[in-house]
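Colleague: I have just opened this one and have not looked at it before. Could you walk me through it?

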Amino acid sequence: QLQLVESGGGLVQPGGSLRLSCQASGFSSDYNTIGWFRQAPGKEREAVSCMRRRGGLTYYPGSVKGRFTISRDNAKNTWYLQMDNLGPEDTGVYYCAASVRSLILTTIGRPNEYDYWGQGTQVTVSS
C-alpha cells in the first residue's frame with residue numbers, strides 16, 4: 001500500500017506562485033504514473049499535470065500549459081507541482097495521485113485510472 005502526503009498549499013495573490021510537494025511512502029516501487037489533480041467547489045476533479053514516473057510522457061491540459069510544471073525526484077519518492085502566474089480560476093483542493101499502471105496519453109488525465117490519493121491541500125488565489 002502506498003501513502004501520499006501533499007504539502008505546500010496556501011493563499012496566494014493573482015500572478016503569484018506556489019510549489020506543491022507530494023511525498024510517497026510504503027511500497028515505493030508500486031506505482032508507475034504520478035499526477036496532480038484539483039477540484040473546485042461544485043466541479044469535477046480534473047487533471048492539471050501528470051507524468052510517467054520513469055519519463056516518456058508528460059501531460060498538461062490547455063488551462064495550465066505554460067504555467068504549471070510537474071517534476072519528480074525518484075530517489076526521494078517525491079514529486080512536485082510548480083505553479084506560476086496563478087489566477088482565481090486555479091483555486092481548489094489539489095490532490096496528488098499515483099497509478100500502478102504506465103498510463104498512455106488517452107488515459108493519463110483520468111482520475112479513475114489512479115489507485116492512490118493524498119488527502120488534498122487547499123490552494124486559494126485571491127487578492
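Predicted model: local features only at pLDDT ≥ 70, side-chain atom pairs only at ≥ 80, totals over all residues.

Colleague: Okay, cysteines to start with. How many disulfides are there in the whole structure?

Modeller: A search of the whole structure turns up one disulfide, and the residues it joins are Cys 22 and Cys 96, with 2.1 Å from S to S. The link is right-handed, with 55° about the S-S bond.

Colleague: Which parts does that pair tie together?

Modeller: Cys 22 belongs to strand S3 and Cys 96 to strand S9, so the link ties together parts that lie 74 residues apart in sequence.

Colleague: And is Cys 22 buried or exposed?

Modeller: Cys 22 counts as buried because its relative accessibility is 0%, and Cys 96 is likewise buried, with a relative accessible area of 0%.

Colleague: What about Cys 50, where is its nearest cysteine sulfur?

Modeller: The nearest cysteine sulfur to Cys 50 is that of Cys 96, which is 11 Å away, and Cys 50 is in no disulfide. Cys 50 does count as buried, however, at 0% relative accessibility.

Colleague: Let's switch to strands. Which ones form the open sheet, and in what order?

Modeller: The open sheet has four strands in the order S1-S3-S8-S7, and their pairing is antiparallel. On average, neighbouring strands of this sheet are turned by 15° against each other, if direction is ignored.

Colleague: Which strands stand at the edges?

Modeller: Those are S1 and S7, and each has a single partner strand, so one side of each is left without a neighbour in the sheet. For S7 that partner is S8, which runs antiparallel to it and is joined to it by six bridges; Asp 73, for instance, has Thr 78 in S8 as its bridge partner.

Colleague: Which strands does it pair with, then?

Modeller: S9 pairs with S4 in the antiparallel sense over seven bridges, and there the bridge partner of Phe 37 is Tyr 95 in S9. Three bridges join S9 to S11, again running antiparallel, with Tyr 94 opposite Thr 121 in S11. S9 also pairs with strand S10, residues 116-117, in the antiparallel sense over two bridges, and Ala 97 stands opposite Trp 117 in S10.

Colleague: Now the inside. How many residues does the largest nonpolar core have?

Modeller: The largest nonpolar core has 26 residues, and those with the most contacts inside it include Leu 4, Trp 36, Phe 68 and Tyr 94. Several strands supply at least two residues each, among them S1 (2-7), S4 (33-39) and S9 (92-99), while S3 gives the most, with four residues.

Colleague: Which residues are in the second core?

Modeller: That second, separate core has eight residues, including Phe 37, Ala 97, Leu 103 and Tyr 114.

Colleague: One last thing: where is Gly 9?

Modeller: Gly 9 is in the loop between S1 and strand S2 (10-12), and it counts as partly exposed because its relative accessibility is 33%.

Colleague: What is Gly 9 in contact with, leaving aside its neighbours within four places in sequence?

Modeller: With those neighbours left aside, Gly 9 is in contact with Leu 20, Thr 121, Gln 122 and Val 123. Gly 9 and Val 123 are 114 residues apart in sequence, yet their C-alpha atoms are 5.0 Å apart in space.

Note on methods: Residues numbered from 1 in each chain as written. Heavy atoms only, no water. Core = buried A, V, L, I, M, F, W, Y, C linked by side-chain atoms within 4.5 Å. Buried < 20%, exposed > 50% of the residue type's maximum accessible area, 1.4 Å probe, protein only. Disulfide = S-S within 2.5 Å. Contact = heavy atoms within 4.5 Å. Pairing = 2+ DSSP bridges. Axes fitted to C-alpha atoms, helices over the stretch in contact; angles between N-to-C directions.
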